[in-house]
Amino acid sequence: MQVASLRRLRQSANLRDWISQTRLTPKDIILPYFVVEGRNVKKEIKSMPGVYHFSTDSLLKDISETKGIKSILLFGIPKTKDEIGSQAYRDDSIVQKATKAIKREFKKLIVITDVCLCGYTIHGHCGVVKGNKILNDETIKVLAKTALSHTQAGADLVAPSAMMDGQVRTIREILDKNGFDDTGILAYSAKYASSFYGPFREALDSWPQFGDRKSYQMDYRNSNEALREIGQDIDEGADIIMVKPALAYLDIIYRARQKFNLPIAAYNVSGEYSMIKKLAGGDKIREKELVLEVLSSIKRAGADLIISYFGKEVIRWLV
Ligand code: PBG
């Protein structure tokens with residue numbers, strides 16, 4: 001019996017392109033940046049080859065060299081850390097200064113700032129700690145102050161990533177109260193306690209000094225709970241929701257896409273980045289193929305936006 005030929009439309013690159021369903025475009029990419037104090041700093045992060053710590057001046061230069069870039073996600077490495085992460089919300093802190101400088105020079109660039117405490121606290125946890133507990137309500141107040149100061153510096157969206165209950169609502173309230181009703185919230189809604197964050201924690205020097213993050217980040221055995229987290233963030237005022245990590249959580253992206261209608265971002269995290277780097281072993285062509293396959297799979301699952309450390313190259317390949 002003659003069966004339909006599924007190979008017929010695979011015979012040339014032109015045909016394959018013509019019927020392709022998933023299209024990765026430069027505008028899908030959110031490029032993460034790590035910003036440090038100082039001048040003229042561009043220092044490769046050991047755990048993430050090809051990713052750098054930039055001082056603000058070098059960061060501006062790097063952005064200007066990345067033609068076609070639409071959005072960035074900023075992480076700050078503060079000069080000093082303390083118990084409550086007070087450098088997170090100071091107006092003269094690193095993210096605030098960098099945001100101001102970036103928005104002054106690149107008015108149209110969408111600047112998103114990560115709102116969390118782990119890079120700012122001595123203990124490396126994402127919240128205020130008492131004894132062995134990570135306190136919820138004390139933390140969300142600090143997160144709200146941080147989000148407000150990022151917004152005052154010019155952030156277009158703030159991205160709370162501490163996984164505290166009620167963080168989105170508290171941030172929405174403080175922004176509205178201060179007249180920033182146009183500032184958006186990209187909520188790290190379904191953020192899992194993942195071993196794929198390892199290289200990032202070296203970049204940010206944010207390893208928890210005791211215990212782990214399992215009392216606030218999600219258990220990877222669960223998926224229904226992710227939908228609850230996302231639903232709750234939407235009720236609290238999230239404009240964009242996020243699933244993180246991406247590659248080991250494509251089912252979560254897919255389920256979120258079926259259930260919710262707002263834009264979905266996926267974070268292709270540091271460990272996923274390193275995995276590809278290792279597998280490609282310095283072969284640039286293999287690396288490109290791997291990156292495009294992985295990022296396309298994340299889009300195919302249903303993500304609209306992808307945070308990727310390969311962002312710069314991807315934009316270069318696609319424009
Ligand atoms: C925490 C935060 C983490 C990442 C971004 N924000 C990880 C953590 O829980 O330590 C990880 C990003 C990555 O691995 O690329 N606020």
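These legends walk through several close-up views of the structure above. The model is predicted, so to speak of local features a pLDDT of at least 70 is needed and side-chain atom pairs count only at pLDDT 80 or more, while totals for chains, interfaces and linings use all residues. Numbering runs from 1 along each chain as its sequence is written, and side-chain values use heavy atoms, with hydrogens and water left out.

**View 1. F34 and Y309 form an aromatic pair across distant parts of the chain.** The whole structure holds 11 aromatic pairs, where Phe, Tyr and Trp rings (for Trp, its six-membered ring) pair if their centres lie within 6.5 Å. The F34 and Y309 ring centres are 6.2 Å apart with planes at 10°, so this pair is stacked (planes under 30 degrees apart; over 60 is edge-to-face, and the rest are tilted). F34 belongs to strand β1 (residues 29-36), whereas Y309 sits in the loop between β12 (305-308) and α11 (311-318), 275 residues apart. Helices (H or I, at least four residues) and strands (E, at least two) are DSSP runs, numbered from the N terminus. Both F34 and Y309 are buried, meaning under 20% relative accessible area; exposed is over 50% and partly exposed in between (1.4 Å probe, protein chains only). The two also belong to one aromatic cluster with F75, Y188, F200, Y267, Y273 and F310.

**View 2. Y52 and F54 make a tilted pair.** Here the rings are 5.8 Å centre to centre, with 45° between the planes. What about burial? Y52 is partly exposed at 24% relative accessibility, while F54 is buried at 4%.

**View 3. Two lysines sit over tyrosine rings, K145 over Y89 and K244 over Y197.** For a charge to count as over a ring, NZ of Lys or CZ of Arg must be within 6 Å of the ring centre and within 35 degrees of the ring normal. K145 lies 4.1 Å from the centre of the Y89 ring. For K244 and Y197, the charged end is 4.6 Å from the ring centre.

**View 4. The ligand has 17 residues around it.** A residue makes this list if one of its heavy atoms lies within 4 Å of the ligand, and the closest are R201, Q217, K244, S270 and Y309. Polar contacts are pairs of N or O atoms within 3.5 Å (within protein, one must be able to donate a hydrogen and the other to accept it, and residues adjacent in sequence count only if both atoms are side-chain atoms). A polar side-chain atom of R213 is 3.0 Å from a ligand oxygen. K244 places a polar side-chain atom 3.2 Å from a ligand nitrogen, and for the side chain of K191 the distance to a ligand nitrogen is 3.3 Å.

**View 5. K244 and P245 are joined by a cis peptide bond.** Omega is about -10°. P245 falls in the loop between β10 (240-244) and α8 (250-259).

**View 6. N40 and M163 have positive phi without being glycines.** N40 has phi near 60° and is found in the loop between β1 and β2 (42-45). Is N40 buried or exposed? It is exposed, with a relative accessible area of 67%. M163 has a phi of about 60° and lies in the loop between β8 (157-160) and α5 (167-177), but M163 is buried at 6%.

**View 7. H150 is buried in helix α4 (residues 136-153).** Its relative accessibility is 1%. Leaving out residues up to four places away in sequence, H150 touches A88, V95, Q96, T99, T113, D114, V115, A155 and V158; contact means heavy atoms within 4.5 Å.

**View 8. K277 and E287 meet through their side chains.** K277 is in helix α9 (residues 270-280) and counts as buried at 18% relative accessibility. Beyond neighbours within four places in sequence, K277 is in contact with P49, G282, K284, E287 and F310.
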